[in-house]
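Colleague: Good morning. Could we go through this model together, one feature at a time?

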There are 2 protein chains.
Amino acid sequence: MADFNKIYRSYLERFNAHLEKFCDGLNKCTPSVLGDSLVYSLRLGGKRVRPVLMMAVADIIGTGADKVMDYALAIELIHTYSLIHDDLPDMDNDDFRRGKPSNHKVFGAGNAILAGDGLLNTAYSVLFDECFKGNEYVSAAKYICDCAGIHGMIAGQSADLLHEKDAEADEETLKFIYENKTSKLLMAAVVVPSILNGGKYYSELKELGKKLGYLFQLTDDILDVTGNFEKLGKSLGKDEEEGKLTGIKVYGLDNCKLRVDIIGDDCIKIIDGIEGDASFLYGFVSFIKTRLG
Amino acid sequence: MADFNKIYRSYLERFNAHLEKFCDGLNKCTPSVLGDSLVYSLRLGGKRVRPVLMMAVADIIGTGADKVMDYALAIELIHTYSLIHDDLPDMDNDDFRRGKPSNHKVFGAGNAILAGDGLLNTAYSVLFDECFKGNEYVSAAKYICDCAGIHGMIAGQSADLLHEKDAEADEETLKFIYENKTSKLLMAAVVVPSILNGGKYYSELKELGKKLGYLFQLTDDILDVTGNFEKLGKSLGKDEEEGKLTGIKVYGLDNCKLRVDIIGDDCIKIIDGIEGDASFLYGFVSFIKTRLG
């Protein structure tokens, strides 16, 4: 894992430099509260999983990370907007994000709604600029848009909200939520480099993104039970307290851990089929799994 | 005005048929509450000012209304999302919209936030499809996106929220809010047909859109004082009650009415410079002004 961590950090630093430059532009927004609220959440840090994964896959399959930098930026803007809206009192009502007060705790709910809207809109402004380069760039932009939309992430959030206090533990619903709320943006992260490179490994990467989403969500559910605030920077134990539909509720804790192993193995098999140096991707699967300690 | 009304109705019906077909697709969303909440607000009716204006301008300058139908759709989706988020308790807190309960009164605030997000995202999905047709189509899409974004409508909403209970009546701030919150989307409505037709009358139309926004906002502010609920379908008298920054507060009621006349005349002068049959646009200016009765 030493190599993986080094490469991860190198992608992360490269992406953060790109994002930081972008934040400097956002900071000039009028009124200043708008710029401040946009930049506050973008600068909360985090692992930048989607951008790093996109850059790494781009290098692995020969697209080249340079080509996807603005797609990586757009996907992080979309991810960040979704967290801001998700944390709102009318949604998940989370006061903390990455160990700091959530956007609405700092700027108020009204400004947080606008900050989310602003980041979503800005993501597409960035992507329209890419569209001038040709049709494969349009396809890649539209792929992100559809993964984020009403047949993707938003559908997952809607189902999540609907089944928030659902007494019945239903596996089919859980899978719908996992796949849409979490997998779809990860699918976009790994599929964009493929679309920009003639569809190379398209179906393999799509399937990998889907499985990585499940892996993330299952480990998240497990950490909500077994993790601690200091390490995760967000409120824990809330899922059970609120009777939320989670993997724990559907499968039980032990079976959840078993599923993490099985899905991890599925990912490895997919990665085995990708030629070239895919060692980063093996490391990435371990990286998600080892969050469990 | 008889002719104007007839032409308006004909554009309106054509647009509504296009929108209705689109709503049939949205209705198939999972979970159904998502589809229902999206379609509820789109079907609340309204005058479809931006789409109708876009189609009419497209015909007047020779772009042809057919070419802008999906841009008109996107702009209506964006306008509708902005109303849903604007009506939320954390924003303007309006219980009624077009004489019916606002989105959050029917579906709850959490679902209304997602409905707004969903409409915004869907607007861009529609626009990315247009981008495959060539670079002028990308330019037109990006123009809408930037008018709706953090240097456009969202900036206006943010400033509106910031000065909600501002004791100081400040003309500069009022103009910033008018121009961004209202003018920008109207500018997009009239400029898109120009971009799709080699930039024909670009600067004239941009200026016209800006002025029409002022005209709208000033008449809105006046109607909040002099109008009635039955005719407008939304809560009235709230601005003053809440000490909101409006044209009335900055200029006084009589001066507001005077300004409506002056800006109306400015619009006429711009329209005078457009060759061909621009009679619809003269009618449009009267149509906004006669809302005052």
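Predicted model: local features only at pLDDT ≥ 70, side-chain atom pairs only at ≥ 80, totals over all residues.

Colleague: Let us begin with packing. At what angle do helices α6 and α7 of chain A cross?

Modeller: Helix α6 (residues 109-131) and helix α7 (residues 135-148) of chain A cross at roughly 155°, and their axes come within 8 Å. Angles over 145 degrees count as roughly antiparallel, so α6(A) is roughly antiparallel to α7(A).

Colleague: Is that crossing left-handed or right-handed?

Modeller: The crossing of α6(A) and α7(A) is left-handed.

Colleague: And which residues make the contact?

Modeller: On the α6(A) side they are Y124(A), L127(A), E130(A) and C131(A). On the α7(A) side they are Y137(A), V138(A), A141(A), I144(A), C145(A) and A148(A). By class, nine of the contact residues are nonpolar, one is charged and none is polar.

Colleague: What about α10 and α15 of chain A: how do their axes lie?

Modeller: The axes of α10 (residues 202-226) and α15 (residues 279-289) of chain A come within 9 Å and cross at roughly 20°. Angles under 35 degrees count as roughly parallel, and α10(A) and α15(A) are therefore roughly parallel to each other.

Colleague: Which residues meet there?

Modeller: From α10(A), the residues are L208(A), L212(A), L215(A), F216(A) and T219(A). They meet L281(A), F284(A), V285(A), I288(A) and K289(A) of α15(A). This contact has eight nonpolar residues, one polar and one charged.

Colleague: Now a change of topic. How many residues of α3 in chain A are buried?

Modeller: In α3(A), 11 of the 12 residues are buried, which leaves the helix mostly covered. Among the buried ones are V49(A), R50(A), L53(A), M54(A) and I60(A).

Colleague: What span does that helix have?

Modeller: Helix α3 (residues 49-60) of chain A reaches 16 Å from its first C-alpha to its last, close to the 16 Å expected at 1.5 Å a residue. G62(A) follows α3(A) and has a positive phi, near 90°.

Colleague: Turning to chain B, where is H79(B), and is it buried or exposed?

Modeller: H79(B) lies in helix α4 (residues 65-87) of chain B. Its relative accessible area is 10%, and buried means under 20%, so H79(B) is buried.

Colleague: What does H79(B) touch beyond its sequence neighbours?

Modeller: Leaving aside neighbours within four places in sequence, H79(B) is in contact with R50(B), R98(B) and L185(B). As for L42(B), the C-alpha atoms of H79(B) and L42(B) are 9.7 Å apart, while the two residues are 37 apart in sequence.

Colleague: Next, the backbone. Is the peptide bond from T30(A) to P31(A) cis or trans?

Modeller: The bond from T30(A) to P31(A) is cis, with omega near -10°. P31(A) sits in the loop between α1 (2-26) and α2 (32-42) of chain A. In chain B, the bond from T30(B) to P31(B) is cis, again with omega near -10°.

Colleague: Which phi value does N93(A) have?

Modeller: Phi of N93(A) is near 55°, a positive value in a residue other than glycine. N93(A) is in the loop between α4 (65-87) and β1 (96-97) of chain A, and is partly exposed, with a relative accessible area of 41%.

Colleague: And Y201(B): what are its phi and its surroundings?

Modeller: Y201(B) also has a positive phi, near 55°. Y201(B) belongs to the loop between α9 (171-195) and α10 (202-226) of chain B. With a relative accessible area of 17%, Y201(B) is buried.

How values were computed:
Residues numbered from 1 in each chain as written. Chains lettered and ligands numbered in written order. Heavy atoms only, no water. Axes fitted to C-alpha atoms, helices over the stretch in contact; angles between N-to-C directions. Helix = DSSP H or I, 4+ residues; strand = E, 2+ residues; numbered from the N terminus. Parallel < 35°, antiparallel > 145°, perpendicular 65-115°, else oblique. Left-handed = near helix turned anticlockwise from the far one by under 90°. Contact = heavy atoms within 4.5 Å. Nonpolar A, V, L, I, M, F, W, Y, C, P; charged D, E, K, R; others polar. Expected span 1.5 Å × (residues − 1). Buried < 20%, exposed > 50% of the residue type's maximum accessible area, 1.4 Å probe, protein only.
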